[in-house]
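Open the model in your viewer and keep the sequence panel beside it. Each stop below says what to select and what is there.

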Amino acid sequence: MVKTMLDHSVAPTSRASRRLDEVFRALAHPVRREILSRIGSGERTISELAEPFDMTLEAVSQHVRVLERARLLRRKRQGREHRCRIDPTPLRAAGAVLVKLAGFWEGQLASLDRWLASTPEKT
């Protein structure tokens, strides 16, 4: 049942499903979530994004590339400078999946609570 909810009547190998997998994979890393948080308030350069992290610019660039592949951010090159901005569209799709899952599990837990309340306690 949960698998059906996640699939949204879409074959597991469909393009939409693969894109959603990329979004969740990208969001799985705390550095990438922080990068998205930082560009959520405005466009930033790679150097600006790297400031709070104890890592090289190349390591931050790798995280940015993962976010780009998931289409969570857009990079614009201006000379030697790379400016990044968020693209919230894939986040909306991921959020819709999470809302459906939350509703499903809330219903399941409510059903379990009702069953437990109606079952006599054995002592």
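Select arginine 83. This model is predicted, and in it arginine 83 counts as buried, at 18% relative accessibility. The cut-off for buried is under 20%, so 18% falls inside it. Arginine 83 sits in strand β3, residues 81-86.

Glutamate 43 is partly exposed, with a relative accessible area of 28%. Lysine 76 is partly exposed as well, at 40%.

Glu43, Lys76, Glu81 and Arg83 are linked in a network of salt bridges.

**A separate pair to select**

Select glutamate 68 and arginine 75. They form a salt bridge, with 2.7 Å between the closest N and O atoms. Arginine 75 is buried, with a relative accessible area of 16%. The count of salt bridges comes to six.

**Helix α5**

Select residues 57-69, helix α5. Its 13 residues should span 18 Å at 1.5 Å a residue, and its end C-alpha atoms are 18 Å apart, which agrees. Show side chains for the buried residues: Ala59, Val60, Ser61, His63, Val64 and Leu67. Then colour what they pack against: α2, α3, α4, β2 and β3. Step just past the end of α5 to arginine 71, which takes a positive phi of about 65 degrees.

**The nonpolar core**

Which residues have the most contacts inside the largest nonpolar core? Select Ile35, Val60 and Val64; they are the answer, in a core of 21 residues. The elements giving two or more residues to this core are α2, α3, α4 (46-50), α5 and α6. The largest share, four residues, comes from α3.

Centre on isoleucine 35. Leave aside its neighbours within four places in sequence. Isoleucine 35 is then in contact with Leu49, Phe53, Val60, His63, Val64, Leu67 and Leu73.

**Helix α2**

Select residues 15-27, helix α2. It has 13 residues and reaches 18 Å from first C-alpha to last, close to the 18 Å expected. Ser17, Leu20, Val23 and Ala26 are buried here. An α-helix has 3.6 residues a turn, so residues three or four places apart point the same way. Show the partners next: the buried residues of α2 pack against α3 (30-40), α5 (57-69) and α6 (89-118).

Select residues 89-118, helix α6. This helix has 30 residues and reaches 44 Å from its first C-alpha to its last, close to the 44 Å expected at 1.5 Å a residue. Its buried residues are Pro90, Ala94, Val97, Leu101 and Phe104.

Switch to a surface view and select Leu109, Leu112, Trp115 and Leu116. Together they make a nonpolar surface patch of about 420 Å². Leucine 116 is found in α6. It is partly exposed, with a relative accessible area of 48%.

**Zoom out**

Finish with the whole chain in cartoon view. There are six helices and three strands. From the N terminus on, they run α-α-α-β-α-α-β-β-α. Buried residues make up 28% of the 123 residues. Among contacts between residues at least 6 apart in sequence, 53% join residues at least 24 apart. The chain exposes about 8500 Å², and carbon and sulfur atoms supply 55% of that area.

Definitions and conventions
Residues are numbered from 1 along each chain as its sequence is written. This is a predicted model: local features need pLDDT of at least 70, side-chain atom pairs count only at pLDDT 80 or more; totals for chains, interfaces and linings use all residues. Side-chain values use heavy atoms; hydrogens and water are left out. The expected span of a helix is 1.5 Å times one less than its number of residues. Buried means under 20% relative accessible area, exposed over 50%, partly exposed in between (1.4 Å probe, protein chains only). Contact means heavy atoms within 4.5 Å. Patches are made of residues with over 30% relative accessible area and no salt bridge: like charges are joined within 9 Å, nonpolar side chains (Val, Leu, Ile, Met, Phe, Trp, Tyr) within 5 Å. Accessible areas come from the Shrake-Rupley method with a 1.4 Å probe; for residues, only the protein chains shown count as cover. A salt bridge is a side-chain nitrogen of Lys or Arg within 4 Å of a carboxyl oxygen of Asp or Glu. A nonpolar core is a set of buried Ala, Val, Leu, Ile, Met, Phe, Trp, Tyr and Cys residues joined through side-chain atoms within 4.5 Å.
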